[in-house]
Amino acid sequence: MEPKREPSVINPNPFDIDKATVEAVTEPANKDLASLIVLFHQYRKHHWLVHGPQHRDLHQFYEDAYETVNEAYEALAERLTSPGRIPVSIPVAAQRKSRIDHEEEGEFDVRDMIKRDVKATTTVISHLRDTISTAASHEDYATEHLLKDVIVDLEEIADELDDYLHPDSLEA
C-alpha cells in the first residue's frame with residue numbers, strides 16, 4: 001500500500017504560512033526533531049546502564065531527561081504537522097536526518113556516557129539556535145517560541161550533566 005502523502009509534500013495550512021516559509025523552517029526543524037529522537041534514545045540507554053555510587057541520582061536524572069526530551073520532540077512533531085508537513089517518525093529516517101549519531105551498542109564508563117551526553121546535547125542546542133534564527137527571519141514565531149523553550153530545557157540538562165563531571169563528583 002502506498003502512503004497517502006509523501007513527507008516532502010506540503011499541505012495547505014490554516015495559518016496562511018506560505019510554502020517558501022514552510023520549506024525553509026520545517027526542513028531544519030525536522031532535522032532537529034530527528035536529533036531529539038536520537039538524544040532521547042541515548043538518554044534512555046544511559047538510564048538503563050548507569051551504575052556506581054551515584055546510580056540512584058543518575059538513574060532518576062536520566063529518566064527526567066529522557067521524559068523532557070520526549071515531550072520536546074512530541075511538541076515539535078505536532079508543530080511540524082500544523083503548517084502541513086509530515087514529521088520524521090521511523091528510526092531509520094530519524095538516524096538519517098539527525099545531526100547527532102546514534103551511540104554504538106555497548107556499555108561505557110559512566111563518566112564517558114555523561115561526556116557523550118554533554119556533547120550530543122550541546123550539538124542539538126547549537127542546531128536549534130540556527131533553526132530559531134531561520135524561523136524568526138521567516139516570521140514563524142510559533143516555531144521560534146517552541147524551540148526556545150526546548151533550548152531552555154536542554155541547557156538545564158546539559159548543566160546538570162556537567163555538574164556530574166565535576167571533580168568532587170564521580171571518580172575521575
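Predicted model: local features only at pLDDT ≥ 70, side-chain atom pairs only at ≥ 80, totals over all residues.
Setting aside residues up to four places away in sequence, Asp32 touches Leu76, Arg99, His127, Leu128, Thr131 and Leu147. You will find Asp32 in helix 1, which covers residues 19-49.

Is Asp32 buried or exposed? Its relative accessible area is 1%, so Asp32 counts as buried, the cut-off being under 20%.

## A proline in a loop

Next, look at the loop between helix 2 and helix 3 (91-97), where Pro87 lies. Pro87 has a relative accessible area of 16% and is therefore buried.

Which residues is Pro87 in contact with, leaving aside its neighbours within four places in sequence? They are Asn30, Leu33, Ala77, Leu80 and Thr81. Take Leu33 as an example: Pro87 and Leu33 are 54 residues apart in sequence, while their C-alpha atoms are 7.7 Å apart in space.

## A negative patch on the surface

Now turn to the surface, where a patch of negative charge brings together Asp64, Glu67, Glu71, Asp149, Asp153, Glu156, Asp159, Glu160, Asp162 and Asp163. The elements giving two or more residues to this negative patch are helix 2 (55-81) and helix 5 (141-164). Helix 5 gives the most, with seven residues.

Asp159, one of the patch residues, has its place in helix 5. Its relative accessibility is 47%, so Asp159 counts as partly exposed. Asp32, by contrast, is buried.

Definitions and conventions
Residues numbered from 1 in each chain as written. Heavy atoms only, no water. Patch = residues over 30% accessible without salt bridge, like charges linked within 9 Å, V, L, I, M, F, W, Y side chains within 5 Å. Areas by Shrake-Rupley, 256 points an atom, 1.4 Å probe, with all protein chains shown as cover. Salt bridge = Lys/Arg side-chain N within 4 Å of Asp/Glu carboxyl O. Lys, Arg positive; Asp, Glu negative; His and termini not counted. Charge placed at Lys NZ, Arg CZ, Asp CG, Glu CD. Helix = DSSP H or I, 4+ residues; strand = E, 2+ residues; numbered from the N terminus. Buried < 20%, exposed > 50% of the residue type's maximum accessible area, 1.4 Å probe, protein only. Contact = heavy atoms within 4.5 Å.
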